[in-house]
Amino acid sequence: MPNLDAWLAALEARHLANLTRPELTRALRALSSCYVERREKLTSGAALEGAGKRAAFALFYGPLHFLTVTAVVRALLAHELPIETIADLGCGTGIGGAAWAGACERPPSIAGVDRNPWAVQEANWTYKTLGLRGHARTGDAVRNYPVNAPKTAVLLAYTVNELPADTRTALLEHVSETVRAGSRILIVEPIARGVTAWWPDWTVRLEADGARADEWRFPAKLPPLTRQIAKGAGLDPRELLARSISRL
């Protein structure tokens, strides 16, 4: 297991060097509003515009997603699988792949792909800081989808909900093929129905192919800094909520 305390301390030093705590709080409020009320802006990368939102994403959503994906991976026993590589599509700051790999006794390598150059840079920093083998590059979840890679597990963590509808449709075809081929895949998304209106269609399609769908609620044992940041912005996550589709 990576040293999470050291990673969180490094995150704080990295992202708060040129920001005050009030500036971070305002940025987190704006970022939260973008996710809840102005989701149409996500496809253009609005969530990661400016140092404030990037810091808020890294310091709040990063640890939150890391803990959630780790909990889902452990609940599904995905950390016990003999995987050589995790293909983290739409990897963002690298949190999802790092959470899965870090939960494994023998961590697989991580191949991250994201369309945002800043996120790619941050993902590579995440892998290095957590002591994991990984490399992220700029790319697209559809065009860079791994094909004929039996020792690779595909991860889509908080990715599908931010895609345009046509891209999401194209991605579903790849995912369906992966499930039908018996390869490993894990999709993790928020539980809010307003965020995942497409989820029922994906569930029906992929369960028919042989996948399973789950909803998760875990106690939110947040690091002190994460909880302080959340409280300052009027947020109070008491549970880690997620839904997943998997074929493992």
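Predicted model: local features only at pLDDT ≥ 70, side-chain atom pairs only at ≥ 80, totals over all residues.
Biologist: How many aromatic pairs does a search of the whole structure find?
Modeller: A pair of aromatic rings is described by the distance of the centres and the angle of the planes. Searching the whole structure gives a count of six.

Biologist: What kind of pair do the rings of F60 and Y61 make?
Modeller: The ring centres of F60 and Y61 are 4.9 Å apart, and the planes stand at 75 degrees. An angle over 60 degrees is the mark of one class, so the pair of F60 and Y61 is edge-to-face.

Biologist: Are F60 and Y61 buried or exposed, and which residues do ring pairs link into a cluster with them?
Modeller: F60 and Y61 are both buried. Ring pairs join these two with one further residue, and the cluster consists of F60, Y61 and F57.

Biologist: Where do the buried residues of helix α8 lie around its axis?
Modeller: Helix α8 covers residues 224–232, and its buried residues are L225, T226, I229 and A230. Viewed down the axis of α8, they fall within an arc of 135 degrees, so they line one face of the helix.

Biologist: Which exposed residues sit on the face of α8 turned away from its buried side?
Modeller: An α-helix has 3.6 residues a turn, so residues three or four places apart point the same way. On the face of α8 turned away from the buried side, the exposed residues are P224 and K231.

Biologist: Why is helix α4 described as largely enclosed by the rest of the structure?
Modeller: Helix α4 spans residues 95–103, and among its buried residues are I95, W100 and A103. The helix is largely enclosed because the buried count is nine of the nine residues.

Biologist: Which element gives the largest share of the lining of the second largest pocket?
Modeller: The second largest pocket has a volume of about 230 Å³, and its lining includes Y145, N148, H174 and E177. Two elements give two or more residues to that lining, namely β4 (152–157) and α6 (165–180). The largest share is three residues, and the element is α6.

Biologist: How many nonpolar, polar and charged residues are in the lining of the second largest pocket?
Modeller: The lining residues include P146, V147, A149, T152 and S183. Sorted by class, the lining has six nonpolar, five polar and one charged.

Biologist: How many disulfides does the count come to?
Modeller: A disulfide is a covalent bond between the sulfur atoms of two cysteines. For C91, the closest cysteine sulfur is in C104 at 17 Å, which is too far for a bond. C91 is buried at 6% relative accessibility, and C104 is buried at 7%. The count of disulfides is zero.

Biologist: Is N148, with a positive phi, buried or exposed?
Modeller: N148 is not a glycine, yet its phi is about 55 degrees. N148 lies in the loop between β3 (134–138) and β4. Its relative accessibility is 76%, so N148 counts as exposed.

Biologist: Is Y158, with a positive phi, buried or exposed?
Modeller: Y158 also is not a glycine and has a phi of about 55 degrees. Y158 is in the loop between β4 and α6. With a relative accessible area of 12%, Y158 is buried.

Biologist: How far apart in space are T68 and L240, C-alpha to C-alpha?
Modeller: T68 belongs to helix α3 (residues 50–75) and is buried, with a relative accessible area of 3%. T68 and L240 are 172 residues apart in sequence, but in space their C-alpha atoms are separated by 5.8 Å.

Terms used. Residues numbered from 1 in each chain as written. Heavy atoms only, no water. Phe/Tyr/Trp six-rings, centres within 6.5 Å; stacked < 30°, edge-to-face > 60°. Buried < 20%, exposed > 50% of the residue type's maximum accessible area, 1.4 Å probe, protein only. Helix = DSSP H or I, 4+ residues; strand = E, 2+ residues; numbered from the N terminus. Arc of directions from axis to C-beta. 1 Å grid on protein atoms, 1.4 Å probe; cavity = no way out; pocket = protein on both sides within 12 Å on 5 of 7 lines; lining within 4 Å. Points joined across faces, edges and corners; volume = space filled by probe spheres on them. Nonpolar A, V, L, I, M, F, W, Y, C, P; charged D, E, K, R; others polar. Disulfide = S-S within 2.5 Å.
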